[in-house]
Amino acid sequence: MRWPGATARVLLGLGAGAIVGLSLAHWSPTSAATAVAIAQPIGKLWLSGLQMTVVPLVLSLVILGVATASDAAASGRVARRAMVVFISLLSLFAAYAAIVAPLVLSMVPPSEALTATLHGTLPPAGATGAPALADWIGSIVPSNAIMAAAQGAMLPVVVFALFFGFALTRVQEDRRAQVIGFCHGIADTMIVIVRWMLLAAPIGVFALVLAVCAQAGIGVIGALAGYIALQCGMYLGATLICYALVAVFARQSPLAFAKAILPAQVVAASTQSSLASLPAMVESARFRLGHPRAVAALVLPMAVTLFRITSPIQYIVAACFVAWAYGIEVNAVTLAAGAALAVVISLGSIGLPGQVSFMATVMPVTQSMGLPIEPLGLLLAVDTIPDVFATTGNVTGDLTATSIVARQSPDARDGDDG
């Protein structure tokens, strides 16, 4: 007998928790209260186990991301152009998510029962509220990096990691290699711990969903369905934006571009893996779009390693959904901080397994916006559902970036990487 995969087990935990919670709420309110009292500490314990890995994992990933990007940019003019395009597009899509997601969510009033339940059963202990502009600016650079890490202040921690990573590129090569190896060791160790925590994900998700459904009722299921629909819609919107970017910056017909990349999109949708789609992307770039081999052979592997347009969208939409569910107003300064952090973290998180990357990336962005992280356990359970749209969007973004770089690199010729 073959056991179901990790994603299937988490979804089973989600479904079982919803059924048990709703049934208890309907048939036996007294038993529901008892079950909630038991389930809440279990769910909180599981979330704390995931949360304890976030600071060291993010710190090491950002440092490694800076080192990887610096090494890539040092390999030639085409690589440097690619890095500029990657960062520009990630910033664009982060801004897109920060503008569109709150606007869409504002059109749908949150369930009063859900909001009351979240405030009552999942206290926003990590939520500090939106800071004033002067306070926010003053807190970007930490006066004490260790204290910022201890307090879980993710934006100052990431700023310190950026300074550390860029300074590391100026250090003697053998010493730099030692630090990078140390960071790799920290990241790999934290990922092992996260994997251990994810083994208990069905139990943790079951406990969280049971507690919320037993108190908020069917509105929880509707809210999660709305979250899935919002993510899918945002990913489709990002894909459409890519066609417009190709028309404006690569001077290509969007229709011709869409036809050329369709085989790669089909592979992406079927495999849900950008890496597995790389051969199809190279074929589309070289023989359907006519890009120079020097560009396609360099930029596409870089894109798979460093560039994923749906990552900042995922982080920001999840954070905005948490704010919406709690009825918390998020101002423009907080959204801008979350968007900037999402761009930085997305550069360092490529290659992490799906559920590992969710908690290692969404949680810091949510925390940096002063929002509770407790509902993220529920979002983790359903976030794998929009993966088809996310991978398709990422592959479209990779080929869009390659087209823009090819347009900007008339000096690139086959066999010459610039």
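A surface patch here is made of residues with over 30% relative accessible area and no salt bridge, nonpolar side chains (Val, Leu, Ile, Met, Phe, Trp, Tyr) being joined within 5 Å and like charges within 9 Å. This is a predicted model, in which local features need pLDDT of at least 70 and side-chain atom pairs count only at pLDDT 80 or more, while totals for chains, interfaces and linings use all residues. Residues are numbered from 1 along each chain as its sequence is written, and side-chain values use heavy atoms, leaving out hydrogens and water.

**Surface patch**
- Ile-38, Ile-42 and Ile-203 make a nonpolar surface patch of about 290 Å².
- Ile-203 belongs to helix H10 (residues 201-216), helices being DSSP runs of H or I with at least four residues.
- Ile-203 counts as exposed because its relative accessibility is 57%; exposed means over 50%, buried under 20%, and partly exposed in between, with a 1.4 Å probe and protein chains only.

**Aromatic rings**
- The count of aromatic pairs comes to six, with ring centres within 6.5 Å; planes under 30 degrees apart are stacked, over 60 edge-to-face, and the rest tilted.
- Phe-160 and Phe-164 form a tilted pair, 6.1 Å centre to centre with 50° between the planes.
- Both Phe-160 and Phe-164 lie in helix H8 (residues 154-168), four residues apart.
- Phe-321 and Trp-324 have ring centres 5.4 Å apart and planes at 35°, so this pair is tilted too.

**Cysteines**
- The disulfide count is zero, a disulfide being a pair of cysteine sulfur atoms within 2.5 Å.
- Cys-232 is buried at 12% relative accessible area, and Cys-320 is buried at 5%.

Conventions
Accessible areas come from the Shrake-Rupley method with a 1.4 Å probe; for residues, only the protein chains shown count as cover. A salt bridge is a side-chain nitrogen of Lys or Arg within 4 Å of a carboxyl oxygen of Asp or Glu. Helices (H or I, at least four residues) and strands (E, at least two) are DSSP runs, numbered from the N terminus.
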